[in-house]
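Thanks for making time this morning.

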Amino acid sequence: MTSAVQARLDPEKLIEQACELAGSDDFGDDDGWRDNLDRLVDDLVAEADLSPLGVEIAAADIVVPLRNRLQITGWRAAHPEVADERIEKPIVIMGQPRTGTTILYDLLTLDPDLRAPLTWEVDRPFPVPQPDTYDTDPRIEEIQNQLEMTEQLMPGFMKWHPMDARFGQECVRITAGTFCSMIYSTQYRLPNYAHWLMYEADHSAAYRYHRKYLQHLQSGVPGQWLLKTPAHLWQLDKLIAEYPDAILVQTHRDPLVVISSISALMAHLQKLASEGASVRRTAGLCAAEMLLGLERGMKMIDDGVIAADRIINVRFADFMRDPFATIKTVYDRMGRELTPVAEQRMREHLSANPGDGGGNRYTWADTGLDADELREKVRAYQERFDVPSETLR
């Protein structure tokens, strides 16, 4: 099986396939994407326990970002003015996974004065989206059909992690084009790749590519960017270096609940592609990553990389208790007005999508981790940000 997987995921063949799809072989700047791709493929073959279906999914998860990269590079070469597009004061929602980043992001994307990268245009960025067809582009239906196919393969996944072609997409889907992205270690069991990503990878290059992607999209449909991914927390210094005027919103929740929930979500997601995926297999890596993210975030503040008062902190408990009090506080801190139109859209969405989509699909016991030991390790974080402990399921 290993040799068959290796043959199907041969980087040269996948690159050739992407070039045929894009009609180009110009991948743009050398930001390390080729070495990153080799590393990813090596670990997909050696570590991921891919099923036959998983092999095909992995191939697509490589070819599509390559195709997108080629097309964006080609458009940029033909339209050099795109490089002059300014990304000003992007609003960046970050924080640990399962801390309310998604629902907060989904609500803020409903503000017509903000511009989120939508799933359909991130997955199919070429040709450049246009204002007059932004809501009717045929790519919307194409991507929606693909998402619904995922739901058929993993029944219930959409309830756990709602997705829609018109929803805002995460930045890790953009940086996938550098193959330096947490999206891969989330979707597949890749402990070595994950370690490289946390400690060795050049994320500066990934953020430069991220800017190019946003410039490409906004050359067609402009606006103030609203961005989101928990992965920013691990690389906050690189984010700030690329977007020094970014407005930062960090969500907070009991880290043990986060570890339990994200371990279960990752196990469920990895079952689509990998043999033997389980919560216990994902939990150790999840815990290590979560602890590292919390420690890095606090250290960057302590070291003066970023001023503590620059971050708009949102506690999950406060949001759940009174969502619109929290949203209005966020808008006040951003110096923005929450218009009646935006608020009404948000209220309608929240009414149609209540509660924690994870429900009771995960329990702490599934992780096999020591709660007392981890509670002690996160104590400093909880005390600094006044994050209450929750009852573990």
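Before I point at anything, a word on pairing: two strands are taken to pair if DSSP finds at least two bridges between them. Please also keep in mind that what you see is a predicted model.

With that in hand, look at β4, residues 247-252, which pairs with β5 in the parallel sense over 5 bridges, and where T251 stands opposite V314 in β5. These strands belong to an open sheet of 5 strands, ordered β2-β3-β1-β4-β5, with parallel pairing; its edges are β2 and β5, the latter covering 311-315, and each of these pairs on one side only.

Now to the helices that meet this sheet. Helix α12, residues 203-218, packs on the sheet by touching β2 and β3, and its direction makes about 135° with that of β3. Helix α17, residues 323-334, lies across β1, β2, β4 and β5, and runs at about 175° to β5. Elsewhere in the chain, helix α15 has 24 residues and reaches 34 Å from its first C-alpha to its last, close to the 34 Å expected, and α15 is followed by G304, whose phi is positive, near 80°.

Finally, the second largest pocket, which has a volume of about 380 Å³.

How values were computed: Residues numbered from 1 in each chain as written. Predicted model: local features only at pLDDT ≥ 70, side-chain atom pairs only at ≥ 80, totals over all residues. Heavy atoms only, no water. 1 Å grid on protein atoms, 1.4 Å probe; cavity = no way out; pocket = protein on both sides within 12 Å on 5 of 7 lines; lining within 4 Å. Points joined across faces, edges and corners; volume = space filled by probe spheres on them. Helix = DSSP H or I, 4+ residues; strand = E, 2+ residues; numbered from the N terminus. Expected span 1.5 Å × (residues − 1). Contact = heavy atoms within 4.5 Å. Axes fitted to C-alpha atoms, helices over the stretch in contact; angles between N-to-C directions.
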